[in-house]
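Open the model in your viewer and follow the stops below in order. Each stop gives a selection and then says what is there.

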Amino acid sequence: GSTPVDIHGKSILSKTGGWIAAFFIFGNEMAERMAYFGLSVNMVAFMFYVMHRPFTSSSNAVNNFLGISQASSVLGGFLADAYLGRYWTIAIFTTIYLAGLTGITLCATISKFVPNQEECDQFSLLLGNCEAAKPWQMTYLYTALYITAFGAAGIRPCVSSFGADQFDERSKNYKAHLDRFFNIFYLSVTIGAIVAFTVVVYVQMKFGWGSAFGSLAIAMGISNMVFFIGTPLYRHRLPGGSPLTRVAQVLVAAFRKRNASFGSSEFIGLYEVPGRQSAIKGSRKISHTDDFRFLDKAALQLKEDGANPSPWRLCTVTQVEEVKILMKLIPIPACTIMLNVVLTEFLTLSVQQAYTLNTHLGRLKLPVTCMPVFPGLSVFLILSLYYSIFVPVFRRITGHPHGASQLQRVGIGLAVSILSVAWAAIFERYRRNYAIKHGYLASFLTAMPNLSAYWLLIQYCLIGVAEVFCIVGLLEFLYEEAPDAMKSIGSAYAALAGGLGCFVATIINNIIKSATGNLDKGQPSWLSQNINTGRFDYFYWLLTALSIINFAIFVYSAHRYKYR
């Protein structure tokens, strides 16, 4: 069944797994997130300043990179659960990831891969008079970028599940270990992001683009070595065969018997293999539930099925329940898509806001591209204080031993994200009015010395709180609730929601630009490249309204959900 094995598929006799094995996995995730966020924060600027692409198309390209790397995580989860196992999936896709990062480094290092940079000052760049990148140069960059996205897609659904696999389910402290694991796991994600937003940005400013992207490739290479060094310590789960095939078999069998009746004289019972073990490798048996009764017809055993029925005509109860669980899980991660839309918009729009503000901290002037580090710092602080402050406070309110249930944490995160985007709208209205009043209407890349960028910290800190509660709670929820042989697919739901959030952000941006702007009449859109003539505040209020509607849907879905 779900008994852990070693890398050779043999039952584990010696002590393996635990926190020591988990820390090797944390290192891999930290480097992967460092590369991911390092690309996301630097690639827009690289395309704009070096490849001479318009800011909007650069932002959309990066949004598509973020979306593809997360939405295609279902592929990585499928390969891990069906054929490769989580360890080999991580091993293969980290190598692909490293190849993509190396390609991007070569693009930034070798002058032949970029357009001519001579006679291209900031004024020429704003007017679009710089030499544009040749089609083959952009093709090379996009190829390397999407190879990197493909590598990230294979890693993301497996790392958190593989780390959680290192803990013994029979241990009395299993739940507590799992709760702490997912908090520390997201802490490692945050540390990777903080390094990307500070050290990598510093390297770029001091040594250039090639060194910045090269540092990401070096970090990824070192993390791969660390991951492989930990191989003897890891506990593994056997892949259970293709989960998509099992899902398809249930749907086909249920459709074939759609007219059969549970009260028919031909009805023998709901089919399940005898004995304690499931027919699905890597899975325990799952008890029958009354949800989605139409799927039960796939397990409806009739006399005509015979002694050795085809799995496309008759499925076990466990197989049917796997499909039910996957269907019941969908509404919860779907409700986090809106949070990911807000995160994606903040990553680009807040940087545009920061360009117009004073980023001095005392005598220290922070680069604008460092501003996204503040959500990471707030996440780091909250995770560090989570067990000493948040858990005791929430335990008194909810009575839950861990402070709040997984779905309650997701709900808290979604609620705080509403506050974050509402504050962003309020501050943007003040910032825009200040710019117009003081004569900065046309100077959208000139910092206003008397208006500090640190007003943005409020929205950054609030979205950091939202991330901690929502994403960590979601990861733990999906791992515990997903079927035994579909843990990676379950974790891929969270990444898929993140990817869809990026795509939805791009779609919303395009709709707003076309609906609110009119070039013929000289009317700028809400998302004009000149932030002072645009209406980012209206856009943020739109996101606030969508977030409130999304939160109401989540409350309804969470109220109906029954934990396994």
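**Colour by confidence**

This is a predicted model. The chain averages a pLDDT of 84, and 95% of the residues score at least 70. Select residues 122–127, helix H4: among the elements of the chain, H4 has the lowest mean pLDDT, 64. Then select residues 536–560, helix H16, which has the highest, 95. Where pLDDT is low, the predicted coordinates should not be read in detail.

**H11 and H16**

H11 passes H16 in a left-handed crossing. On the H11 side, show the contact residues, among them Met-338, Val-341, Phe-346 and Leu-349. On the H16 side, those to show include Phe-536, Phe-539, Tyr-540 and Leu-543. By type, the residues of this contact divide into ten nonpolar, five polar and one charged.

**H14 and H15**

Next select residues 456–481, helix H14, and residues 487–516, helix H15. Their axes lie 8 Å apart and the packing angle is about 155 degrees. H14 and H15 are therefore roughly antiparallel to each other. Their crossing is right-handed. Show Leu-474, Leu-475, Leu-478, Tyr-479 and Glu-480 in H14, which meet Lys-487, Gly-490, Tyr-493 and Ala-494 in H15. The residues of the contact comprise six nonpolar, one polar and two charged.

**H8 and H9**

Now select helix H8, residues 243–256, and helix H9, residues 317–329. With axes 9 Å apart, they pack at an angle of about 100 degrees. That makes H8 roughly perpendicular to H9. From H8, Arg-246, Val-247, Gln-249 and Val-250 meet Gln-319, Val-320, Glu-322, Val-323 and Leu-326 of H9. Five nonpolar, two polar and two charged residues make up the contact of H8 with H9.

**The domains**

Finally, colour the chain by domain: domain 1 is 1–239, domain 2 is 243–320 and domain 3 is 321–563. How far apart do the C-alpha centres of domain 1 and domain 2 lie? The C-alpha centres of these two domains are 40 Å apart. Their contact takes eight residues from domain 1 and seven residues from domain 2.

Notes
Residues numbered from 1 in each chain as written. Predicted model: local features only at pLDDT ≥ 70, side-chain atom pairs only at ≥ 80, totals over all residues. Heavy atoms only, no water. Axes fitted to C-alpha atoms, helices over the stretch in contact; angles between N-to-C directions. Helix = DSSP H or I, 4+ residues; strand = E, 2+ residues; numbered from the N terminus. Parallel < 35°, antiparallel > 145°, perpendicular 65-115°, else oblique. Contact = heavy atoms within 4.5 Å. Nonpolar A, V, L, I, M, F, W, Y, C, P; charged D, E, K, R; others polar. pLDDT = per-residue confidence, 0-100. Left-handed = near helix turned anticlockwise from the far one by under 90°. Domains from an automatic or database assignment.
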